[in-house]
Amino acid sequence: MQVDVTFPDLTEPTLELRMSRASPGRYSLHDFAKNVYDVHAYGKNGHELETTRPDPYGWNASGHGGAVTVKYKVYGDRVDGTYLAVDTTHAHINMPAALMWAHGLDDRPTTVTFEQPAGMHWQVATQLHRGADALEFTAPNLQYLMDSPVEFGPVTMRQFVVGSRTFRLALHHAGSDADADALAKDAEKIVRQEGTIYGEYPEFEPGYYTFLIDHLPYAEGDGMEHRNSTVITSSSAVGRTQLYDTVAHEFFHCWNVERIRPSGLEPFDFDRANLTDSLWLAEGFTQYYGPLTLQRAGLADLASTAQALTRLVDAVINDPGRRVRSAADMSRMAPFIDGGRVSDRTNWANTILSYYTLGGAIAAALDLALRDRTDSRVSLDDYMRAMWHAYGKPGGSREGYVDRPYTIADAEETLATVSGDRAFAHDFFAKYIEGREVADYPRLLARAGFALRKRHAGRAWLGDLQVQSHDGVRVRTLVAPSWPVYASGLEQDDAVRELDGQRIANENDVSAVVGRHRPGDRIGIAFVDRTGRTKTATITLAENPELEIVPVDSSTEAQKKFRAAWLNPRP
Ligand SMILES: [Zn+2]
């Protein structure tokens, strides 16, 4: 893609041109400058300027006489929420991956003009403000500009109105008009259910909220929230629940994170990664409301909702990472784990539980605990609404900014107010946000007529050992301290030779041997470690700890009432 950017009325002698290192909504560092080439800068009178490179992400232009036009090409071929994708079917543009900006000009408005590729009749879908014609748009400042992705292509539009708000679906897909109609109808159900949680929708500054949906065989699976839009990409006609869960998650973000904003994320820093301790709330609580909204909207049944809860609760109880890092600490790891490529080895399998999962499980615990304490009069919906009124609704003095981002202390204070019990709020945050404790899920779930039980009760287990069969039977994952096999000294890269006296040739042999035993049985193991030394040990098998949440058929009237107040559609 050819990009020309003009910066007029410059007062500083040197213009510091930048390619972003971060992208709104993504928490990791990026090197968007790597795809930029053929860079030329011109001064006010049109003469080409020598540029210098202060670092890998910038070009400094001096002697410009008061204005600079920089012209460059940028390559991109990845359809997702973070990068740029340009091909004969469309230009799918995430601004930080495509646009050069300059230090010190954050408050300047921008005009963006798209040029139609020869012979094409593409349309632009974006949260940027409309300009003078169909290919011209404006942004009030750099924060808003960089937060505004664009789909420039053969866009199929659908629109619906809820109250005084307009919602648009801009689809780039291979499906039929009927598919588009069906998606719009179901998206409206999701939008309505989430609107009832907050009691209102935000002011969408361009006059509408836009779902930018690329449903293409060559797209990655992704969802990325923005202030007045979201990018949702998917490779194929995935199961409805999967796509709808993303729609529900991303739309929930138009309150939670876009406006109810953790202080560490405000404002966006395009030179380095933002850091926050509150992604358990910003992402985790949003994650919880995805399946909950689908259930309330009639787009998911009880079994799939129980499955979604299982994924959260089983992980928070069994995953080793939760014992190492608190929810606040997990959030601080986001710059490293959110889509960042890691080339060296980490011990994250044993030390990290995603803030999506951990935060989702905390949200479930808090929702149920609030309902439990108040006979369903107070819930997490009330908490989110209170956060909205205190921190989101006040808005920003400049468009795209949030004037009252919250801290963890603010989030705790709001819980004290909503629950009417300061000690409860303090205890909850001390144990589950700053601490590493696990809520009493069996009791909380039982209130709603759900049982939390072992999925493989009575079955022996030596750990979730993963081996690869070629190159011997080599352990290809970290061995967790909580696995029975850990005591044998077995490590990643070691080759398992024998279990219980039987030669092991592949992963099936491992499960076959373990399957013949009962929890508590002791079996021998022989393995070769990375130095080539053969070791033997004895393992005491445990009961498989994997959990599942299932609705109880014999629920009492009280349980049914509690469950209905939680999961039934909001009026
Ligand atoms: Zn999210």
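## Surroundings of H389

In this predicted model, H389 touches E200 and P394, leaving aside residues up to four places away in sequence. H389 sits in helix α12, which spans residues 380-392. Its relative accessibility is 42%, so H389 counts as partly exposed. I260 is 129 residues from H389 in sequence, while the C-alpha atoms of the two are 8.9 Å apart.

## Strands β21 and β30

Strand β21 (residues 450-454) pairs with β30 in the antiparallel sense, over five bridges. Strand β30 covers residues 547-551, and four of its five residues are buried.

## Salt bridges

Side chains of opposite charge can pair when their charged atoms come close. The count of salt bridges comes to 39.

K454 and E543 form a salt bridge with an N to O distance of 3.0 Å. This pair links distant parts of the chain, with K454 in strand β21 and E543 in strand β29 (residues 542-543), 89 residues apart. K454 is partly exposed at 33% relative accessible area, and E543 is partly exposed at 29%.

## Salt bridges within helices

In helix α14 (residues 422-433), D427 and K431 are four residues apart and therefore separated by about one helical turn. Their salt bridge has its closest N and O atoms 3.2 Å apart. D427 is partly exposed at 36% relative accessibility, as is K431 at 26%.

Helix α17 (residues 557-567) holds E557 and K560, three residues apart, about one turn of the helix. The side chains of E557 and K560 meet in a salt bridge at 3.8 Å, N to O. E557 counts as exposed at 60% relative accessibility, whereas K560 counts as partly exposed at 43%.

Notes
Residues are numbered from 1 along each chain as its sequence is written. This is a predicted model: local features need pLDDT of at least 70, side-chain atom pairs count only at pLDDT 80 or more; totals for chains, interfaces and linings use all residues. Side-chain values use heavy atoms; hydrogens and water are left out. Buried means under 20% relative accessible area, exposed over 50%, partly exposed in between (1.4 Å probe, protein chains only). Helices (H or I, at least four residues) and strands (E, at least two) are DSSP runs, numbered from the N terminus. Two strands pair if DSSP finds at least two bridges between them. Contact means heavy atoms within 4.5 Å. A salt bridge is a side-chain nitrogen of Lys or Arg within 4 Å of a carboxyl oxygen of Asp or Glu.
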